[in-house]
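Q: I am new to this structure. Can you take me through how to read its features, one at a time?

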Amino acid sequence: MKLNIGLIFCVVGGATLAIPNMTRRGILFGLAVPPGFRQGTCGRRSVAEFRLLVGIALIAVVSALFLAPVALLQPVSATGPLLILLAGAIAFVREHRKIAPFAVEPLRQREADLSRAPEKLPWFTWLAPGPFAILSAAAVFLQLNWDRIPAVFPVHWGLDGQPNRWGHRDVHGIYGPLLFGAELCAWMLAMGLATWFGARRSRFRLVTLASVIGLVYMLALLFTAISVSSFLHIPLWLIAFGPIIFIVPSIVAMARAVAEPGEKVESTPNECWKAGMIYYNPNDAALFVERRAGLGYTFNFGNRWSWILLVSLGFIIGTAPLLM
Amino acid sequence: MAQGGITIRFDPQSGVPAIRQIADSIRVLLVERKLVPGTALPSVRRLAMELGVHFNTVAEAYRELAGEGWVELQHGRGAVIVARPVRTTAPESWIDEFRNRLRSLVAQVRSEGASVDELAAELKAMAKAVKMS
């Protein structure tokens with residue numbers, strides 16, 4: 001069991017250690033840097049210091065996990081990944097401040113092509129209804145097999161792999177997870193489409209939309225698996241680690257897209273980035289801008305729609321205890 | 001129809017207001033007939049996003065061009081370029097204003113390091129292009 005939890009810690013640690021590489025070549029710790037800076041002494045030292053701090057945190061939590069008595073396993077397991085992420089955030093901000101004097105402004109001049117036709121969504125957007133079809137099919141399947149569902153079934157498992165919460169065979173217990181899954185899928189899809197229409201044109205935007213649609217499929221399959229596991233034996237490891245099959249290719253595709261030599265750093269003013277992570281620019285019409293820390297897009301918090309989307313996510317998460 | 005690759009540029013560090021830069025850039029394309037009547041300009045939202053400016057900035061630039069008779073703002077279709085009646089007589093003051101603006105522009109680029117020869121060559125090329133248009 002400790003080995004499994006340790007593996008999760010290592011995955012989180014590995015992803016945190018990779019953060020300096022998961023940005024465009026001209027960006028380091030949230031700042032636009034001169035060409036060659038990353039490969040220079042200062043850039044390499046900065047990355048090494050970041051990794052040292054994250055590495056120490058990773059070793060500390062893994063050691064704590066293996067040394068902790070069984071009674072403390074639950075809190076150590078819950079706080080371990082958070083501590084690694086916290087160490088990553090502290091190290092990021094620390095290096096961001098250190099290299100700030102070397103930062104350059106990305107090319108501020110912007111161009112717009114007046115002759116380009118209005119945008120059409122890419123063909124694969126038509127795959128978007130698929131996840132809802134999967135969830136609907138699961139609901140029909142459960143309805144047809146209603147009598148096979150046990151009166152009480154496990155819905156949550158502890159770190160020891162044993163069930164610790166139970167659901168009941170009623171409309172709420174059976175269809176709740178599917179409904180919550182549909183809510184999350186709809187929100188994710190809305191985010192993907194908002195990225196398409198609310199971000200500047202770039203190849204990266206296409207990759208992001210494709211990844212989001214892939215992740216929506218993952219969510220639908222995950223909630224379907226959780227729902228039908230009430231009476232079909234689905235291995236726990238498949239539910240726990242299955243999402244990796246979707247997440248890893250998405251990360252690889254996005255990392256490759258940002259690493260392409262021809263891709264330029266998005267022209268967003270340095271002064272609008274707080275600690276290289278939060279973008280606030282009320283004078284920029286874009287709802288989403290490319291992240292400077294990690295892959296993907298982040299909100300422009302100067303756009304009121306970003307707050308509306310965040311509140312809607314809060315609302316969806318708030319319905320989880322009611323539905324699950 | 002407009003030809004491919006008709007771009008406008010916006011430089012937030014130039015010191016020239018964003019509305020001025022956008023309206024001027026589009027006007028240049030209109031005068032040079034790179035944008036012809038019937039062409040729809042990008043939506044306010046899309047152009048503002050691409051240039052990284054506020055929606056109101058682009059909307060104001062479009063309104064300015066509409067006021068000059070270059071474009072028509074149509075509900076649902078956005079801004080569409082229209083045939084503009086050619087003025088046969090320009091306002092009397094145009095030559096003074098033209099000289100003043102050109103002088104200040106020349107002074108600005110010279111202060112930024114442009115050589116006199118480069119400037120003269122550029123002005124000559126422009127004069128030639130104007131004659132041919």
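## Reading the two chains

A: Start with one residue. A:Leu86 lies in helix H3 of chain A, which covers residues 73-99. Keep in mind that this is a predicted model.

Q: Is A:Leu86 buried, partly exposed or exposed?
A: Judge by relative accessible area. Buried means under 20%, and exposed means over 50%. A:Leu86 has 49%, so this residue counts as partly exposed.

Q: How far is A:Leu86 from A:Ala57, in sequence and in space?
A: Sequence and space are separate scales. A:Leu86 and A:Ala57 are 29 residues apart in sequence. Their C-alpha atoms are 9.1 Å apart in space.

Q: What share of the contacts in chain A join residues at least 24 apart?
A: Count contacts between residues at least 6 apart in sequence. Of these, 69% join residues at least 24 apart in chain A.

Q: How many helices and strands does chain A have?
A: Chain A has 10 helices and nine strands. Its C-alpha atoms fill a box of roughly 65 × 55 × 30 Å along the principal axes. Of its 324 residues, 44% are buried.

Q: Now the interface. How many residues of chain B are in contact with chain A?
A: Read an interface from both sides. On one side are 29 residues of chain B, and on the other 22 residues of chain A. Together the chains bury about 2100 Å², with 52% of that on carbon and sulfur atoms.

Q: Which residues of chain B lose the most area to chain A?
A: They are B:Arg46, B:Met49 and B:Glu50. Together they account for 27% of what the chain B side buries.

Q: Which residues is B:Glu50 in contact with, leaving aside neighbours within four places in sequence?
A: They are A:Arg110, A:Glu111, A:Ala112, A:Arg200 and A:Arg201.

Q: What does B:Glu50 form with A:Arg201?
A: B:Glu50 and A:Arg201 form a salt bridge, with the closest N and O atoms 3.9 Å apart. The count between the two chains is two salt bridges. The backbone of A:Arg201 takes part too: its nitrogen lies 3.0 Å from a polar atom of the B:Glu50 side chain.

Q: In which sense do strand E3 of chain A and E1(B) pair?
A: Pairing can cross from chain to chain. E3(A), residues 110-113, and E1(B) are antiparallel, over four bridges. One bridge joins A:Ala112 to B:Ile8.

Q: Which residues of E3(A) are on the covered face, and which on the uncovered one?
A: In a regular strand, side chains alternate between the two faces of the sheet. In E3(A), the covered face has A:Arg110 and A:Ala112. The uncovered face has A:Glu111 and A:Asp113.

Terms used. Residues are numbered from 1 along each chain as its sequence is written. Chains are lettered from A and ligands numbered from 1 in the order in which they are written. This is a predicted model: local features need pLDDT of at least 70, side-chain atom pairs count only at pLDDT 80 or more; totals for chains, interfaces and linings use all residues. Side-chain values use heavy atoms; hydrogens and water are left out. Contact means heavy atoms within 4.5 Å. Buried area is the accessible area (1.4 Å probe) that two parts lose on being put together, summed over both. A salt bridge is a side-chain nitrogen of Lys or Arg within 4 Å of a carboxyl oxygen of Asp or Glu. Two strands pair if DSSP finds at least two bridges between them. Helices (H or I, at least four residues) and strands (E, at least two) are DSSP runs, numbered from the N terminus. Buried means under 20% relative accessible area, exposed over 50%, partly exposed in between (1.4 Å probe, protein chains only). A polar contact is a pair of N or O atoms within 3.5 Å; within protein, one must be able to donate a hydrogen and the other to accept it, and residues adjacent in sequence count only if both atoms are side-chain atoms.
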